[in-house]
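Colleague: Could you walk me through this one before I set anything up with it?

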Amino acid sequence: MYAPERQQDILRLARDAGRVDVVSLADHFQVTAETIRRDLKTLDRAGLVRRVHGGAIPAGRLDFEPDLAERESTAADEKDRIAKAALAELPPDGTLILDAGTTVARLAAALPLDSELTVVTHSLPIAARLADHPGLQLHLVGGRVRHRTRAAVDAWALRAYTEIRADVLFLAANGFSAAHGLTTPDLAESAVKRAAVAAARRVVLLADSAKHGQEHFARFGGLDDVDLLITDSGLSPEDAAAIERAGTEVVRA
């Protein structure tokens, strides 16, 4: 099969399934993963798909959102390094907000047992992980729970964040860039993230480098709302420097 024929088939599969991944495509077409990556790069440049970590989605699917299990297994090593670096940003005996997100959840799992902090979160998985933590004062924000992310959203959650002021917010995003800011696929989740940003004195974005340049349906802020971005070494020094010139400190873990 010639490359243009394979690329047409890849595009059809992406449109039918909503997403394709490199490993499955390589097995399907009996070619190397590098060949598939070149195909996806060609389709991306043509504006027919949008590359995401491990695969691609059809162009125009800015509302696409992988389920929680898939996101937890994506870029696992990078997320662990980001979470470890984020421990340095914990306020001593302070208050923090933990946003709903798999990288933020890894930070929650890494909190030292002797931490004496007040923690606020609208994420059910994070709250469950911290419920037995002996040193924490844990506050769970309520609301309608989104099945895909297990996060509380809508009026109850929004109201709760207007009533507090935290030292640090550890924020998650599905995409970030200087041009399009901070984005996520769901409007309700976007609104809660925006409220959490307004409730914190300092905002620390935890996002792996594959999310750089990605754009999703709902925008909840700009990089100028972020004091510190902690990402992985996959973000190029040039991109990191550009973000820092705009006023956001960058740590590449």
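Colleague: What should I know about the model itself?

Modeller: This is a predicted model, in which local features need pLDDT of at least 70 and side-chain atom pairs count only at pLDDT 80 or more, whereas totals for chains, interfaces and linings use all residues. Residues are numbered from 1 along each chain as its sequence is written, and side-chain values use heavy atoms, with hydrogens and water left out.

Colleague: How many helices and strands are there in the protein?

Modeller: The protein has 10 helices and 15 strands, where helices (H or I, at least four residues) and strands (E, at least two) are DSSP runs numbered from the N terminus. Its radius of gyration is 19 Å, close to the 18 Å that the globule rule gives for 253 residues, so the protein is as compact as a globular protein of that length; the radius is taken over C-alpha atoms, and the rule is 2.2 Å times the number of residues to the power 0.38.

Colleague: And what share of the residues count as buried?

Modeller: Of the 253 residues, 49% count as buried, with buried meaning under 20% relative accessible area, exposed over 50% and partly exposed in between (1.4 Å probe, protein chains only).

Colleague: Let's turn to E4; which strands does it pair with, and in what sense?

Modeller: Strand E4 (residues 95-98) runs parallel to strand E5 (residues 118-121), and four bridges join them; two strands pair if DSSP finds at least two bridges between them. From E4 the chain crosses through helix H6 (residues 102-110) to E5, and this β-α-β crossover is right-handed, a term that applies if, with the strands pointing away from the viewer, the path from the first strand over the helix to the second runs clockwise. E4 also pairs in the parallel sense with strand E9 (residues 166-171), over three bridges.

Colleague: Which residues would I look at to find those pairings?

Modeller: Threonine 95 has threonine 118 as its bridge partner in E5, while isoleucine 97 stands opposite leucine 169 in E9.

Colleague: What about the sheet with E10, which strands form it?

Modeller: That is an open sheet of three strands in the order E10-E11-E13, with antiparallel pairing. Strand E10 (175-177) and strand E13 (218-221) are the edge strands, each pairing on one side only. Between strand E11 (residues 181-184) and E13 there are three bridges, and leucine 182 has glycine 221 as its bridge partner in E13. Helix H9 (residues 187-198) packs on the sheet, touching E11 and E13, and its direction makes about 0° with that of E13; contact here means heavy atoms within 4.5 Å, and axes are lines fitted to C-alpha atoms, for helices over the stretch in contact, with angles from 0 to 180 degrees between N-to-C directions.

Colleague: Is serine 177 buried or exposed?

Modeller: Serine 177, which lies in E10, counts as buried at 7% relative accessibility. Leaving aside its neighbours within four places in sequence, serine 177 is in contact with His212, Gly213 and Leu223, and its C-alpha is 7.2 Å from that of leucine 223, a residue 46 places away in sequence.

Colleague: Last topic: what is phi at arginine 150 and aspartate 154?

Modeller: Arginine 150 has phi near 55° and aspartate 154 has phi near 75°. Most residues other than glycine have a negative phi. Arginine 150 sits in the loop between strand E7 (144-146) and strand E8 (151-153), and aspartate 154 lies in the loop between E8 and helix H8 (155-162).
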